[in-house]
Amino acid sequence: MGLRAVIFDLDGVITDTSRFHYLCWKKLADQYHVPFDEKFNERFKGVSRKDCVRLLFPEIQDDARLDELAEQKNHHYVEMIQQITPADLFDGTQELLRELRAYGIKTAIGSASKNTPLVLQKLEIAHWFDAVADGTEVAHSKPAPDVFELCARKLNVACSECIVIEDAQAGVQAALAAGMTVVGIGSQELLPEADWTVNSVRDVSWDLLNRLTLKNKR
Ligand code: B16
Ligand code: MG
């Protein structure tokens, strides 16, 4: 099967909101004197807010308390993302979207974030995508395949016809579980399961995506 759709993760792929997520978790961790650093934060990427709280406070079982902590983090995060403007879109994103559109390839956002609509609105980019699926619409967050499978359904394409662009271990696993090809954004060391890794979305081209599709032809 050929390439029919490209699904973009949001945080850390088309904009630097993963930095904001990190800063907000760090603030919460510091407030409660819990150790937290960039290395630990890798495990939070692509993972739902509630699951992140569980990772940070493994001793807390009380669901209402976990919700309270998640809400505290989200309060800081929503405040922080108000400052996003279209200039915060990563270089190369718009060029890639334009190139894919020219070749008739469908595009979608597949994000764990429940703040996806607000971030897309701030970036003024929502109209560039044929579909958006986010953490408000799925029962199981990444590494489960749900959000990417939902993208494929919304785009009316088969999962095997999709390539996902992801910066998180959980996201790479979710894409593979959906039977999709994955381009990892970041180091091969951090994303060993990705079909290919590049430094940023600027390094992704129609040519690369085609080569990967041919390589993974089933
Ligand atoms: P929210 P992605 C993910 O977005 C982030 O990588 C992850 O760090 C965050 O916890 C998750 O969204 C939930 O975000 O608290 O805004 O609902 O990378 O899947 O676009
Ligand atoms: Mg991400």
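Which residues are the closest to ligand 1 among those that surround it? In this predicted model, ligand 1 is surrounded by 18 residues, of which Asp 11, Arg 49, Ser 111, Ser 113 and Lys 114 are the closest. Sorted by class, this shell comprises 7 charged, 6 nonpolar and 5 polar residues.

Among the secondary-structure elements, helix H3 (49-56) and helix H4 (63-81) each contribute at least two residues to the shell. The site of ligand 1 is the largest pocket.

Several polar atoms of the protein approach oxygen atoms of ligand 1. A polar backbone atom of Lys 114 is 2.7 Å from an oxygen atom of the ligand. Side chains take part as well: a polar side-chain atom of Asn 115 lies 2.7 Å from an oxygen atom of ligand 1, and for a polar side-chain atom of Lys 142 the corresponding distance is 2.8 Å. Of the 470 Å² that ligand 1 exposes when taken alone, 98% is buried by the protein.

Lys 142 also takes part in a cis peptide bond, which links it to Pro 143 with omega near 15°. Pro 143 is located in the loop that runs between strand S3 (131-133) and helix H7 (146-155). A further backbone feature is found at His 33, a residue other than glycine with a positive phi, near 55°. His 33 belongs to the loop between helix H1 (17-31) and helix H2 (38-41).

Note on methods. Residues are numbered from 1 along each chain as its sequence is written. Chains are lettered from A and ligands numbered from 1 in the order in which they are written. This is a predicted model: local features need pLDDT of at least 70, side-chain atom pairs count only at pLDDT 80 or more; totals for chains, interfaces and linings use all residues. Side-chain values use heavy atoms; hydrogens and water are left out. A residue is near a molecule or strand if one of its heavy atoms lies within 4 Å of it. A polar contact is a pair of N or O atoms within 3.5 Å; within protein, one must be able to donate a hydrogen and the other to accept it, and residues adjacent in sequence count only if both atoms are side-chain atoms. Accessible areas come from the Shrake-Rupley method with a 1.4 Å probe; for residues, only the protein chains shown count as cover. On a 1 Å grid over the protein atoms alone, a cavity is a set of points where a 1.4 Å probe fits but cannot get out, and a pocket is an open set with protein on both sides within 12 Å along at least five of seven lines; lining residues have an atom within 4 Å of a point. A molecule sits in a cavity or pocket if more than half of its atoms lie within 2 Å of its grid points. Helices (H or I, at least four residues) and strands (E, at least two) are DSSP runs, numbered from the N terminus. Ala, Val, Leu, Ile, Met, Phe, Trp, Tyr, Cys and Pro count as nonpolar, Asp, Glu, Lys and Arg as charged, and the others, Gly among them, as polar.
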